[in-house]
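Hi there,

Here is the structure I promised to send over. Have a look at it first, and then read on for my notes.

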Amino acid sequence: KLRFKKSKVSVSDMLWEIDPLGHVAFDSTGLTVNKMAIQNEWQKFSLNGRLGKNSSDILNISLHKFNVDNFNMLLHRTGLTLGGSVTGTAHIRALYGPMSFLSDLQLDSLMLNHHLIGSGRINNEWIANESAISIDAHLKHDGIDGLLINGKYFPQSNENNYKLNVAFNGLPVSAFEHYVEKIISGLEGSASADFRVSGKTDSPILNGMVMLDSAKLHVNYLNTDFVVNDTIGVGANGFTMVDATVSDIYGSKGSISGFLHHTGFKDWNFDATATINNVFAMNTGPSHNSLYYGKGFASGVVRFSGKPGDIFMDMALKTERGTRFHIPLYGAETVSESDFITFVSPNSDEPDDELDQKYKVDLSGLTMNFDMELTPEAEVQLIFDQKSGDIMKGQGTGDIKMKLDRLSGFKMFVDYV
């Protein structure tokens, strides 16, 4: 027989108190637990009953306002955090021979990444002939279905642990910002989804769709906001968009197609192409990019690909009315070159490889090809001295080509009349 004196144990910086009235007894026929309980403030976890050879032996588990975030230490690699509390009972039968398991739990204010999913019941039962646990969950928030889960979990399988149908409504898209925050931020709006879950515990496979309802996103590099109302396909290796409608803050529209891939929800990479028509495509200042900045309305094609920390952008655009493009030339010793930009005349005899070595900038994981057709609707400013107002302005036709990569640094070629 094992008894505990009045004692406390620390788990994940939380102090739990062990009830000294409980005890555990072992013998050749099984395990008996008598009123064992641990408690942290209002949270309580208790065991009472017996596991043994007799089919009538039952171990009862009781939870009272048990914080769901106690499981977050198991989820730190996934980027997920849970919140809320659970109250209810579970019953396990038979330590030897066929197992039986039954639970009835009440979840209160379940949170995912600090966003409310809902409250409701989860019922589980062991299915002996399938070696599976049935799962039936129904959570609501604000009077609507927040999360529905129905299916089975196979804990002993080496091939497929899940056979679940999952649906949720009104989930804030900001719950997923953790996965894309290096590329886009400021996620707003909501999403609904209907998908199936299969695969292994450490690498689940999702198949289905996610419906975006006025999902707003901020493209960090461009400092612009867009709204998406469309459907995203969910597959085994990631998420796919096909001609999804995108709108800027003025209501001008474009479309985007592409994918966001992962391997077991790790090693994320993406490739997306946007076709835009008179869209507010750039809203940057010197603090965002000292090489060039401005406000730009453009039409054309933009492609983003790569992975967080190693992004490739390929843009072929035409300026529209309202565009102002600024190129700072602070500290330039001559009109032909500065710390930021090199003007190469058609008669220049300086080899390209020498130019490549002379002008280096911090690329911060970005490779870019930029080709913009300049139209008379756009204004281009060459800034020699901002404080003294030494600025050259122009409106005309031409072309700006910019290249940015690790090997050759930043280059800009301007043909402007």
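Ten aromatic pairs turn up in this structure, which is a predicted model. An aromatic pair is described by the distance of the ring centres and the angle of the planes. Take Phe325 and Phe370: their ring centres lie 6.4 Å apart and their planes meet at 15 degrees, so this pair counts as stacked, the cut-off being under 30 degrees. The two partners come from distant parts of the chain, 45 residues apart, with Phe325 in strand β23 (residues 324-328) and Phe370 in strand β24 (residues 366-374). Phe325 is buried, at a relative accessible area of 2%, and Phe370 is buried too, at 6%.

There is also an aromatic cluster, made up of Trp16, Phe45, Phe66 and Phe71. Phe71 is worth a click in the viewer. This residue sits in the loop between β7 (58-67) and β8 (82-93).

Now for the chain as a whole. The protein chain has 28 strands and one helix. Of its 417 residues, 40% are buried. The accessible surface comes to about 23,100 Å², and carbon and sulfur atoms account for 54% of that. Among contacts between residues at least 6 apart in sequence, 41% join residues at least 24 apart.

Technical notes:
Residues numbered from 1 in each chain as written. Predicted model: local features only at pLDDT ≥ 70, side-chain atom pairs only at ≥ 80, totals over all residues. Heavy atoms only, no water. Helix = DSSP H or I, 4+ residues; strand = E, 2+ residues; numbered from the N terminus. Phe/Tyr/Trp six-rings, centres within 6.5 Å; stacked < 30°, edge-to-face > 60°. Buried < 20%, exposed > 50% of the residue type's maximum accessible area, 1.4 Å probe, protein only. Contact = heavy atoms within 4.5 Å. Areas by Shrake-Rupley, 256 points an atom, 1.4 Å probe, with all protein chains shown as cover.
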